[in-house]
Each structure stands twice: as C-alpha cells, then as structure tokens.
Amino acid sequence: MRKLTYFIACSIDGFIGDPKGDASSMFAFVDDEFLEFLKAEYPETISAEGRRLLGLDGLENVRFDTVIQGRGSYQLGLDAGMTSPYGHLREYVASRTLETSPDPHVRILSGDLVAAVRELKAEDGGLGIWLCGGSEIAGELVDEIDELVIKTYPQVYGSGMPMFGSGFSPTDFSLDDVRVFGNGALVRTYTRCTS
C-alpha cells in the first residue's frame with residue numbers, strides 16, 4: 001500500500017495562504033539551508049521550472065512518484081505558463097471545473113476523488129503520493145492521509161486558507177520528527193494514529 005503524504009507549507013497559525021490562497025510571503029524562508037534540505041529530502045517537491053532555474057534537472061525522486069493538486073494550486077502554475085509544473089512526477093489535478101487537461105502529462109480527476117486516491121494507494125511498488133494542496137481537497141481526503149509533513153514558516157497570517165477545508169472532526173496523528181532551521185522555519189512530520 002502506497003502512502004499519501006500531505007506535504008504543505010503553512011504559517012504559525014495554520015494557514016496555507018491568504019484568503020485567496022497566495023502564500024508568496026513564505027518564499028522568503030526558502031534560504032540556502034532550507035533549499036539544501038529540500039534537495040536532499042524532498043527534491044520532487046521542487047517544481048520543474050525551479051529545478052531548471054537551480055540547475056537541478058537530474059535530481060532523482062526520493063519519496064514521491066505521484067502528485068495530486070487541487071484546481072487552485074494547479075492554476076498558480078498555469079498562470080505562470082506551466083501546464084505541467086511537476087513533469088518529473090505523475091501529475092493529477094482534482095477539479096470539477098477543468099474539463100480537459102491543458103497538458104498531456106496531467107490527468108484531471110473530476111469524479112470520486114477518494115476512490116481515485118484509494119486506487120493510487122493500492123498500486124504495487126513505486127514511491128509515495130504527494131498531496132500538494134489545497135485546502136478543500138485536503139479536507140476531502142483527510143481520512144486517506146497517512147502522513148503530514150508541515151513546513152511551518154515564522155509568520156502569522158491572522159486569517160486565510162486553512163490547512164484543511166473541512167468540518168470539525170478530530171483526527172489524531174503522532175509526531176515523528178521536528179527539524180528546526182536557522183531562519184525560524186520548522187518541518188514537522190506526523191504519522192496517522194491507527195488505533
């Protein structure tokens with residue numbers, strides 16, 4: 001069984017973006033130390049364009065071979081002219097409004113998202129599945145998420161897009177690891193409690 005990991009950036013107060021989903025203020029915390037961490041531990045989470053600009057095209061995937069994005073997250077790439085922002089992974093976009101894919105490498109998931117994710121998780125072999133965002137699909141998939149990797153940047157938003165756009169339903173995870181960076185960023189890793 002493959003693992004679904006919600007690997008996400010957020011503010012100290014748990015927002016992954018402003019009310020419209022913009023999280024660009026967090027980019028300032030991706031300094032040399034943090035970038036070295038991403039290159040070593042999560043290189044597949046660096047976009048194809050980011051890899052090209054940083055001269056990292058040859059990096060092997062370490063944890064994930066598949067990415068699932070929400071329509072809003074995918075739109076950020078489209079707005080920047082990227083129809084396949086993670087071409088080094090199998091790309092899926094969960095959308096009820098996007099009828100056809102603008103890129104042959106990107107598959108649109110327009111039906112039962114939970115069933116589609118369960119099929120992906122049941123595949124033999126391979127690496128894990130990265131849930132890239134956003135809030136609504138994380139809320140829809142909360143019961144399928146096996147691991148949380150939360151990059152917390154030292155900012156308070158006050159309001160905005162929460163990590164999970166869902167109703168109140170406590171779900172327990174156990175803390176596996178905390179990594180602290182010199183600029184005040186944290187990366188916390190949690191595993192879903194099974195009992």
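Is Trp130 buried or exposed? In this predicted model, Trp130 has a relative accessible area of 3% and is buried, because buried means under 20% relative accessible area.

**Aromatic pairs**

The count of aromatic pairs comes to twelve. One of them joins Phe7 and Trp130, whose planes stand at 80 degrees, so the pair is edge-to-face. The two residues belong to distant parts of the chain, 123 residues apart. Phe7 is in strand E1 (residues 4-11), while Trp130 is in strand E6 (residues 128-133). Phe7 counts as buried too, at 2% relative accessibility.

Phe34 and Phe181 form another aromatic pair, and this one is tilted.

| Pair | Distance between ring centres | Angle between planes | Arrangement |
|---|---|---|---|
| Phe7 and Trp130 | 6.1 Å | 80 degrees | edge-to-face |
| Phe34 and Phe181 | 4.7 Å | 55 degrees | tilted |

**The cluster and a charge**

Which residues do ring pairs link into a cluster? The cluster consists of Phe7, Phe29, Phe34, Phe37, Tyr42, Phe64, Tyr86, Trp130, Tyr153 and Phe181. Tyr42, a residue of this cluster, also has a charged group over its ring: the charged end of Arg63 sits 4.3 Å from the ring centre.

How values were computed:
Residues numbered from 1 in each chain as written. Predicted model: local features only at pLDDT ≥ 70, side-chain atom pairs only at ≥ 80, totals over all residues. Heavy atoms only, no water. Phe/Tyr/Trp six-rings, centres within 6.5 Å; stacked < 30°, edge-to-face > 60°. Helix = DSSP H or I, 4+ residues; strand = E, 2+ residues; numbered from the N terminus. Buried < 20%, exposed > 50% of the residue type's maximum accessible area, 1.4 Å probe, protein only. Lys NZ or Arg CZ within 6 Å of the ring centre and 35° of its normal.
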